Amino acid sequence: KKRHAVSARRCVGLSALISGLAALASCSPAERTRTDTGSTTGEEEEQDSPIVDSGSYDTLIVHMWADERMLAPHWGNWSAQLTFEPLLVSNDDGDLEGRLVTRWESSEDLRTWVYHLRTDARWHDGVPLTAHDVKFTWELQMRPPPGAANWAPGSRVVEVIDDSTFRATYSTPDALLYSAHSVIWPRHLLQDLDPSEFWEWEFWTMPVGSGPYRYVRHVPNELLELEANPDYYLGPPHIERLIFQFGGNPLTQLLGGTVDAIEAPTDPGVVQSIADDPRYRTYSEASKTLTWAIYWNHGNPLFQDVDIRRALTLAIDRHELSRVHDMPGDAPITDVAPPVLLRGRYPGDAWPYDPEAARRILDAKGWADEDGDGIRERGDEEFRFTAVTRDITHRAAVYAQAKLAEVGVRMEIQPLSSARDALRSGESDAVFERFTYRELTNVVRNEWRAPVGFEPSSDLRRMLDESEQAWDREERRRLTREVLDLFREEVPVTVLFPLTSISIAHRKVKGLRTPDRVQLIDFMRELWIEEDEE
């Protein structure tokens with residue numbers, strides 16, 4: 001095999017790059033090794049760092065469903081962390097780990113925290129990152145620009161103690177949780193810009209951050225190019241140049257060799273199309289916090305009885321449905337959507353697949369197929385309803401339709417490009433759509449795009465309020481578990497299966513792994529390129 005070398009220019013500082021010293025080629029890189037087993041099934045051994053020698057230049061081209069503003073708040077923190085750094089991040093267990101912050105301590109009531117920043121973090125233009133940048137970013141977020149009503153929950157009072165230390169006092173626990181994960185922006189470049197024009201700032205298409213990659217160029221609606229930051233405090237990433245390509249057919253581009261990888265393909269057929277192509281590997285992961293669900297319209301008398309909602313849930317084999325969507329057979333199925341705080345900590349029981357129990361419940365509620373046409377009726381009313389889907393949920397809807405028909409319930413499918421709008425309108429009987437913990441709280445409080453008409457128990461409302469008022473992290477976890485347990489019993493929605501994170505990459509891209517290192521963006525700093533010999 002031929003291992004791509006890490007360029008010698010990675011070994012020198014920014015000033016040497018600018019001055020163009022001829023000594024670049026003589027830089028002595030540190031020796032690092034990786035163990036490559038060649039496996040892509042998720043059972044391979046841990047892979048460490050690539051062998052470093054002098055020479056070549058690594059580039060990775062990724063098709064992305066985004067545009068040149070993918071590093072901006074337009075797309076959230078998801079991709080911004082390629083260029084910008086957060087204070088802390090949540091690990092797989094939902095615990096906090098430091099990034100820009102090295103240590104932090106709180107007051108006894110947990111409302112005031114003192115944070116200590118790294119002293120070796122710099123913006124890509126060489127300016128040191130300080131506590132003044134944090135204060136500027138947070139205060140900007142507390143003055144939400146037009147169109148950002150839910151910009152940041154609660155409020156924060158920030159006091160700069162010195163360049164590497166600041167004190168923050170929070171008005172609510174949610175403000176504390178949000179602050180930990182928000183990326184930081186450069187005060188010296190943004191402080192003189194007009195906040196009312198926030199979304200139009202040119203900075204968002206040519207950002208200067210402090211993260212592992214720095215901006216090189218972009219072509220509107222076509223591509224964004226980044227390069228490895230040689231001064232990144234955690235060490236420069238192994239892949240030296242990233243090109244994100246927008247628009248067009250990702251499968252055509254992948255098979256044609258114009259891109260090396262696809263992040264989160266939206267068409268399930270893409271995975272099937274490359275399944276037998278030896279050039280590519282597919283990596284998939286069942287999300288621990290994001291799911292697909294059927295939202296029931298509780299304004300429709302059909303769905304006002306919790307026993308009926310439970311019967312409809314029992315009638316659908318959600319493990320089989322998950323396999324239909326090419327997910328592993330052991331993908332977790334729950335009746336809720338845990339928050340990040342409980343990621344990996346809430347196994348939860350799910351209502352089983354039990355069509356006989358579903359039939360007994362429907363019988364007991366007076367729904368019977370008296371005329372033998374396969375559809376249950378009660379009096380003059382048939383158990384028939386219409387569910388709204390969009391392209392990405394259509395296959396799940398077709399499967400659910402068939403399973404419900406087996407217990408005498410007729411579900412018609414209505415494709416709609418904007419299924420979420422149908423939730424609040426109340427015009428649809430059911431909607432297949434994404435479901436997260438944020439949506440769970442919306443359902444309980446009947447806010448935003450929650451389905452209409454659901455009346456939660458007083459215990460569920462009270463427990464949700466108590467959980468959101470808890471400052472202690474472990475106490476909040478305990479209360480949130482109780483919220484999830486109560487929600488499961490009341491079945492406001494039928495959770496189907498977790499969202500699947502999928503990446504498809506050329507076999508030369510190393511470091512991805514099913515099921516715990518799947519998303520290209522999240523693990524870009526740890527990936528490398530290694531080409532097989534012809």
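**Entry: strand E18 and its partners.** I began with Ala-387, whose bridge partner in E18 is Ala-430. Strand E16 (residues 384-389) and E18 run parallel and are joined by two bridges. I count two strands as paired if DSSP finds at least two bridges between them. Helices (H or I, at least four residues) and strands (E, at least two) are DSSP runs, numbered from the N terminus.

On to strand E13 (residues 280-296): six bridges join E13 to E18, and these two run antiparallel. Here I noted that Ala-293 has Glu-433 as its bridge partner in E18.

Why is strand E18 largely enclosed by the rest of the structure? Five of the six residues of E18 (residues 430-435) are buried, so the strand is largely enclosed. For me, buried means under 20% relative accessible area, exposed over 50%, and partly exposed in between (1.4 Å probe, protein chains only).

**Entry: ground rules.** A note to myself before going on: this is a predicted model, in which local features need pLDDT of at least 70 and side-chain atom pairs count only at pLDDT 80 or more, while totals for chains, interfaces and linings use all residues. Residues are numbered from 1 along each chain as its sequence is written, and side-chain values use heavy atoms, with hydrogens and water left out.

**Entry: salt bridges.** Side chains of opposite charge can pair when their charged atoms come close. My cut-off for a salt bridge is a side-chain nitrogen of Lys or Arg within 4 Å of a carboxyl oxygen of Asp or Glu. I searched the whole structure and found 34 salt bridges.

I looked up Arg-241 and Glu-227, whose side chains meet in a salt bridge at 3.3 Å, N to O. This pair links distant parts of the chain, with Arg-241 in strand E11 (residues 241-246) and Glu-227 in strand E10, 14 residues apart. Are the two partners buried or exposed? Arg-241 counts as buried at 15% relative accessibility, and Glu-227 is buried too, with a relative accessible area of 14%.

Strand E10, where Glu-227 lies, covers residues 223-228. The C-alpha atoms of Glu-227 and Tyr-213 are separated by 5.4 Å, though the two are 14 residues apart along the chain.

Next came Asp-307 and Lys-365, which form a salt bridge of 3.2 Å, N to O. Asp-307 lies in helix H8 (residues 306-314) and Lys-365 in the loop between H10 and E14, so the pair ties together parts that are 58 residues apart in sequence. Asp-307 is partly exposed at 26% relative accessible area, and Lys-365 counts as partly exposed at 28%.

My last pair was Arg-513 and Asp-516, with a salt bridge of 2.9 Å, N to O. Arg-513 counts as buried at 11% relative accessibility, whereas Asp-516 counts as partly exposed at 36%. Elsewhere, salt bridges that share partners join Arg-214, Arg-217, Glu-225, Glu-227 and Arg-241 into one network.

**Entry: a charged patch.** Which residues form a negative surface patch? I found Asp-369, Glu-370, Asp-371 and Asp-373. Patch members have over 30% relative accessible area and no salt bridge, with like charges joined within 9 Å. Asp-369 sits in the loop between helix H10 (355-364) and strand E14 (377-378), and is partly exposed at 31% relative accessible area.

How values were computed:
Patch = residues over 30% accessible without salt bridge, like charges linked within 9 Å, V, L, I, M, F, W, Y side chains within 5 Å. Areas by Shrake-Rupley, 256 points an atom, 1.4 Å probe, with all protein chains shown as cover. Lys, Arg positive; Asp, Glu negative; His and termini not counted. Charge placed at Lys NZ, Arg CZ, Asp CG, Glu CD.
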